[in-house]
Structures are given as C-alpha cells and as structure tokens.
Amino acid sequence: MESSSRTLVCSVVFLDIVEYTKMPVAEQLQLKQAFNRVLAGALQQVAPRDRVVLDTGDGAAVTFLGDPEDALFAAMTMRDMLQGQAGDGLAVRMGINLGPVRLVRDLNSQINIIGDGINVGQRIMSFARPGQLLVSRSFYEVVSCLSRDYAALFTHEGSRTDKHVREHEVYSVGAGIPRRSSAPAPAAAPPRGLLGALVAPGPLGLNRSTYIVAPLVFLALVGFATRLKERGEQRQAAALAVPAPAAPSAQRPALPPRADKAPAAKLERPASAPAPGQVLIAVLPWGEVFVNGKSRGVSPPLRVLDLPPGVHTVEIRNSNFPPHVERVQVRAGEQVRVRHRFQ
C-alpha cells in the first residue's frame with residue numbers, strides 16, 4: 001500500500017477503552033492485551049489489504065478501504081465479543097464515520113491515516129456510552145440504503161455538539177437483525193342475540209350464564225353423592241350375609257418357587273448422554289442459521305451453537321443472496337467452525 005495524495009472516502013471505526021488513563025500501568029497492560037486479542041478476532045473476516053489499523057494508545061482506529069458493511073459488522077462483532085469481557089473491567093466505546101481521509105507515511109515509514117474522516121470518527125466515539133456503538137449521519141445514510149435489514153439496525157439518538165462547537169447527528173446500532181414482532185390480535189366482537197345475553201356480565205361481575213349453570217351443577221353433584229351412598233350400603237349388607245371361612249387345621253407349608261420361573265433381571269442404568277460439541281458461527285454481513293432444517297437464530301449476534309455429537313446440516317440464509325449449506329461433523333467436547341461471507 002503506497003502513500004497517496006488522493007482523497008479517499010472510507011469508513012473509520014474508532015475505539016476507546018473507558019478510563020484507561022486512570023488505571024495503573026500493570027492494569028493498562030493487561031486490558032490492552034485483552035483489547036488487542038478481541039480486535040484481532042473481530043477483524044479476521046476482513047482482508048489485511050482492505051484495512052489499516054492504527055494504535056492510539058488507549059484504543060485503536062481502523063480504516064476500512066472496502067465495503068462499508070465490513071466496518072459495521074466488524075464493530076458489531078467486537079461489541080458482542082466484549083460483552084464477555086465486561087466482568088474483567090474491559091469497557092469500550094465505539095464510533096463509526098464515513099468521510100474523507102488520506103494515506104501518508106509517518107516518521108517510521110509506516111502507513112498512517114489523516115483527514116476529517118478519522119477526526120469525526122473520534123468525535124462520534126466520544127459521544128458513546130461504555131459498550132455502545134454509535135455511527136455518524138454520513139455512515140447511516142450510505143449503509144441504510146443498502147438493505148432494509150441494515151436500516152432496521154439503527155436508532156436515531158439526536159444531535160451532539162463536540163468541543164469545537166460542531167454538531168453531529170448520531171445513530172445507535174442495535175444488537176442484530178431484528179425480527180418482526182407479532183402484534184396482538186384485536187379483541188373479538190361480543191356475540192349478539194340469546195348467546196350474547198348469556199355471556200353478558202351480570203351481578204357481581206359474573207356472566208349471566210353462570211347463574212343458570214351453577215344450580216344444575218349443584219343438583220348433579222347431590223345426585224351423584226346419593227348414588228354413591230346407596231352403593232356403599234348395598235356392599236356392606238352383602239358382606240354381612242356371607243359366612244366367614246373356617247380356620248385351617250394346620251398351617252400349609254410354603255410352596256417352593258417354581259423352577260421355570262426365572263428371577264427378575266436387574267435393570268441396567270442407561271449410559272450418560274455424551275457431552276455436546278460446539279459449532280462456532282461467523283457470518284458476514286448477516287444470516288439466519290438453520291440446523292437440520294430448524295431455525296436457531298440470526299448471526300450476528302449468534303456466535304456459538306451447542307449440538308449433540310454426529311453429522312448435522314447447517315444452512316445460512318440471507319434474503320439478498322443464495323443460501324449457504326454445510327455438513328459438519330460434531331464431536332463431543334470439541335469445536336468446529338462454520339464461516340461464510342455473502343457476496
């Protein structure tokens with residue numbers, strides 16, 4: 001990648017570790033190492049030639065030279081991965097901007113990024129809360145036009161003013177491709193006529209039919225109890241009429257067990273079920289995951305599936321592309337990866 005005097009329009013993801021400068025040096029080193037590991041994992045699906053990573057000390061700035069979806073889903077992947085690191089004190093703010101940048105060589109002859117695109121990316125990041133991902137209006141307007149599913153990811157957060165008194169429209173990014181929520185069915189109209197009169201509310205808030213059915217139920221219960229009492233008296237009289245059997249003169253010896261009767265077999269405990277295996281899912285930009293024909297969720301945010309040992313058919317569907325199908329062999333206690341990028 002050569003230095004260029006041309007202005008490029010790129011997507012920039014700015015990341016910042018919250019309160020990094022207030023921590024002791026030993027804790028800074030530990031958190032920065034964890035941060036670098038998570039960032040490297042989030043960028044695995046983006047080719048090195050399509051990105052430039054700058055270390056900012058308390059975070060990083062990543063410039064994506066290719067598709068803007070790469071910046072969006074890399075940032076979403078990192079946010080989801082960081083949720084598992086929250087208990088370790090690793091909290092990160094994230095911002096994305098689409099704007100003009102230039103590639104230059106620094107004093108160490110390394111590629112550097114300058115321009116308004118990266119500056120605004122830092123401002124957008126500064127408005128985010130710990131664990132939140134915000135994007136600028138320029139990035140939102142481009143990505144939201146690519147797909148209806150992309151547009152549904154964003155929520156307008158309003159206008160923010162930076163320290164240079166420059167206003168920025170910001171949008172927050174949701175957890176994943178949202179599904180349509182089923183609206184509650186409207187209440188059915190009450191029936192008319194005789195049926196409507198029976199189900200209409202009466203005294204004490206009960207339906208009028210209750211005052212008709214309750215006496216009938218009471219009479220049926222009384223008749224049933226009377227019938228049971230009569231049967232009990234008849235059985236008692238029959239028992240008194242039968243003479244008791246005479247006592248035997250001598251106690252009969254116990255009969256030996258039959259030779260042809262085999263002893264009952266002992267029940268064997270079923271063997272414990274084998275431990276499940278894990279399927280690690282990585283999909284770009286997104287896809288609904290089906291295992292053996294059954295939907296298991298949308299990735300991202302879905303990343304891990306626990307499956308019993310055996311051969312399973314994994315299908316990934318995206319409404320804008322042909323589906324991707326793989327057959328995977330899952331072994332107990334082991335992990336297998338399924339990666340796919342829709343293009």
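## Exercises on contacts inside a protein chain

Leaving aside neighbours within four places in sequence, His 324 is in contact with Val 314, Glu 315, Ile 316, Arg 339, His 340 and Phe 342. Keep in mind as you work that this is a predicted model.

**Exercise 1. Find the place of His 324, decide whether it is buried or exposed, and find the polar contacts of its side chain.**

*Solution.* 
- Step 1: His 324 belongs to strand E14, which covers residues 321-330.
- Step 2: The relative accessible area of His 324 is 18%. Buried means under 20%, so His 324 counts as buried.
- Step 3: Turn to the side chain. A polar contact of 2.7 Å joins the side chain of His 324 to that of Glu 326.
- Step 4: Now try His 340. Its side chain also makes a polar contact with the side chain of His 324, at 3.4 Å.

**Exercise 2. How many aromatic pairs does the structure hold, and how are the rings of Tyr 140 and Phe 154 arranged?**

*Solution.* 
- Step 1: The structure holds four aromatic pairs.
- Step 2: Take the rings of Tyr 140 and Phe 154. Their centres are 5.4 Å apart and their planes meet at 85 degrees. Planes over 60 degrees apart count as edge-to-face, so that is the name for this pair.
- Step 3: Tyr 140 is in helix H4 (residues 137-143) and Phe 154 is in strand E7 (residues 154-161), so the pair ties together parts 14 residues apart in sequence.
- Step 4: Check the accessibility. Tyr 140 is partly exposed, at 22%, whereas Phe 154 is buried, at 9%.

**Exercise 3. Describe how Tyr 140 pairs with Tyr 171, and say which residues form one aromatic cluster.**

*Solution.* 
- Step 1: The ring centres of Tyr 140 and Tyr 171 are 4.0 Å apart, with 10 degrees between the planes, and the pair is stacked.
- Step 2: Tyr 171 sits in strand E8 (residues 167-173) and Tyr 140 in helix H4, so this pair ties together parts 31 residues apart in sequence.
- Step 3: Tyr 171 has a relative accessibility of 6% and counts as buried.
- Step 4: Tyr 140, Phe 154 and Tyr 171 form one aromatic cluster.

**Exercise 4. Which residues have the most contacts inside the largest nonpolar core, and which element supplies the largest share of that core?**

*Solution.* 
- Step 1: In soluble globular proteins, nonpolar side chains tend to be buried together.
- Step 2: The largest nonpolar core has 41 residues, and Leu 15, Phe 35 and Leu 72 have the most contacts inside it.
- Step 3: Among the elements that each supply at least two residues of this core are strand E1 (8-17), helix H1 (25-42), helix H2 (68-83) and strand E4 (92-105).
- Step 4: The largest share comes from H2, with eight residues.
- Step 5: Zoom in on Phe 35. Not counting residues up to four places away in sequence, Phe 35 touches Leu 15, Ile 17, Gly 59, Ala 60, Met 78, Leu 90 and Val 92.

**Exercise 5. How many salt bridges does the whole structure have, and which parts of the chain do Asp 16 and Arg 93 tie together?**

*Solution.* 
- Step 1: A search of the whole structure finds nine salt bridges.
- Step 2: One joins the side chains of Asp 16 and Arg 93, with 2.7 Å from N to O.
- Step 3: Asp 16 is in strand E1 and Arg 93 in strand E4, so the bridge ties together parts 77 residues apart in sequence.
- Step 4: Asp 16 is buried, at 7%, while Arg 93 is partly exposed, at 22%.

**Exercise 6. Where in the chain are the salt-bridge partners Arg 341 and Asp 70, and is each buried or partly exposed?**

*Solution.* 
- Step 1: The side chains of Arg 341 and Asp 70 meet at 2.7 Å, N to O.
- Step 2: Arg 341 is in strand E15 (residues 335-341) and Asp 70 in helix H2, and this pair links distant parts of the chain, 271 residues apart.
- Step 3: Arg 341 is partly exposed, with 26% relative accessibility. Asp 70, at 7%, is buried.

Technical notes
Residues numbered from 1 in each chain as written. Predicted model: local features only at pLDDT ≥ 70, side-chain atom pairs only at ≥ 80, totals over all residues. Heavy atoms only, no water. Phe/Tyr/Trp six-rings, centres within 6.5 Å; stacked < 30°, edge-to-face > 60°. Helix = DSSP H or I, 4+ residues; strand = E, 2+ residues; numbered from the N terminus. Buried < 20%, exposed > 50% of the residue type's maximum accessible area, 1.4 Å probe, protein only. Core = buried A, V, L, I, M, F, W, Y, C linked by side-chain atoms within 4.5 Å. Contact = heavy atoms within 4.5 Å. Salt bridge = Lys/Arg side-chain N within 4 Å of Asp/Glu carboxyl O. Polar contact = N/O pair within 3.5 Å; in protein donor to acceptor, adjacent residues only side chain to side chain.
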